Amino acid sequence: MRQKENTLLYKWFNQVWNAKNEAAIPQLMTDNAEFQGIDDSLPKGAPGFQAFYKIFTAQYHDIRIDVEDVVSEDDMESARTVIYATHTETQKPVVVPGLCMIRVESGKIAEAWNSYDFASVDEQIGKKKAAS
C-alpha cells in the first residue's frame, strides 16, 4: 500500500500551501531547482518559487490543496492533486485539478513539472461563458 504521507510532495503541499508556510519553501526546494508549468520569467530555485507563491497567494486565498495520490520511485515522485481556493478579485470559489511531478535531490525538490487546469478558472469565475 502506498503511503502518500511519507512523500516529499505530500509534505510540500501540506507545509507550503495548506499550512501557509512560505518559510518551508527553501527547506523543501533547492536554491537552483528548475520548474515548468508556472511563470517562466521567474528565477530558478526556492527564491523564484517564493516570488510565484506571493503572486499566487495575492490572486487566490483560502487555498487548500488535496493530495489525492502520490507515486514514488527512486528519485521521482508524481502527485494527483486538487486545488481549492477563492479568487481574490471575484470572491468566487475555484477548483483546479492537476498533476505535479518532481525529481528529488538530497531530500529536496530539484526539478518540478506542473500541469493544472487553470484554463477552466476563467469560466469558474465568470470571465468567459461555457461553450454551448
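With a relative accessibility of 1%, T81 counts as buried, because residues under 20% are assigned to that class. In this predicted model, T81 is found in strand β3, and its side chain is joined to that of Y116 by a polar contact of 2.7 Å. Apart from its neighbours within four places in sequence, T81 is in contact with F13, with I65, D66, V67 and E68, with V96, P97 and G98, and with Y116.

The strand that holds T81 belongs to an open sheet of five strands, arranged in the order β1-β5-β4-β3-β2 with mixed pairing. The edge strands, each of which pairs on one side only, are β1 (29–36) and β2 (60–73). On average, neighbouring strands of this sheet are turned by 25° against each other, when direction is ignored.

The pairing of β2 with β3 is antiparallel and extends over 11 bridges, with S72 having E77 as its bridge partner in β3. These two strands form a hairpin in which two residues lie between them, and D74 in the turn has a positive phi of about 55°. Strands β3 and β4 also run antiparallel and are joined by 11 bridges, V82 standing opposite P97 in β4. The hairpin formed by β3 and β4 has five residues between its strands, and Q91 in the turn has a positive phi of about 65°.

By contrast, β1 and strand β5 (residues 108–116) pair in the parallel sense, over four bridges, and the bridge partner of M29 in β5 is I109. Helix α3 (residues 45–59) packs on the sheet, where it touches β1, β2 and β3, and its direction makes about 60° with that of β1. Helix α1 (residues 8–18) lies across β1, β2, β3 (76–87), β4 (93–105) and β5, and runs at about 175° to β2.

Strand β5 also contains S115, which at 48% relative accessibility counts as partly exposed, because this class covers values between 20% and 50%. Leaving aside neighbours within four places in sequence, S115 is in contact with P97, G98 and L99; P97 and G98 are also among the contacts of T81. The C-alpha atoms of S115 and D62 are separated by 21 Å, the two residues being 53 residues apart along the chain. In a regular strand, side chains alternate between the two faces of the sheet.

Note on methods
Residues are numbered from 1 along each chain as its sequence is written. This is a predicted model: local features need pLDDT of at least 70, side-chain atom pairs count only at pLDDT 80 or more; totals for chains, interfaces and linings use all residues. Side-chain values use heavy atoms; hydrogens and water are left out. Two strands pair if DSSP finds at least two bridges between them. Axes are lines fitted to C-alpha atoms, for helices over the stretch in contact, and angles run from 0 to 180 degrees between N-to-C directions. Contact means heavy atoms within 4.5 Å. Buried means under 20% relative accessible area, exposed over 50%, partly exposed in between (1.4 Å probe, protein chains only). A polar contact is a pair of N or O atoms within 3.5 Å; within protein, one must be able to donate a hydrogen and the other to accept it, and residues adjacent in sequence count only if both atoms are side-chain atoms.
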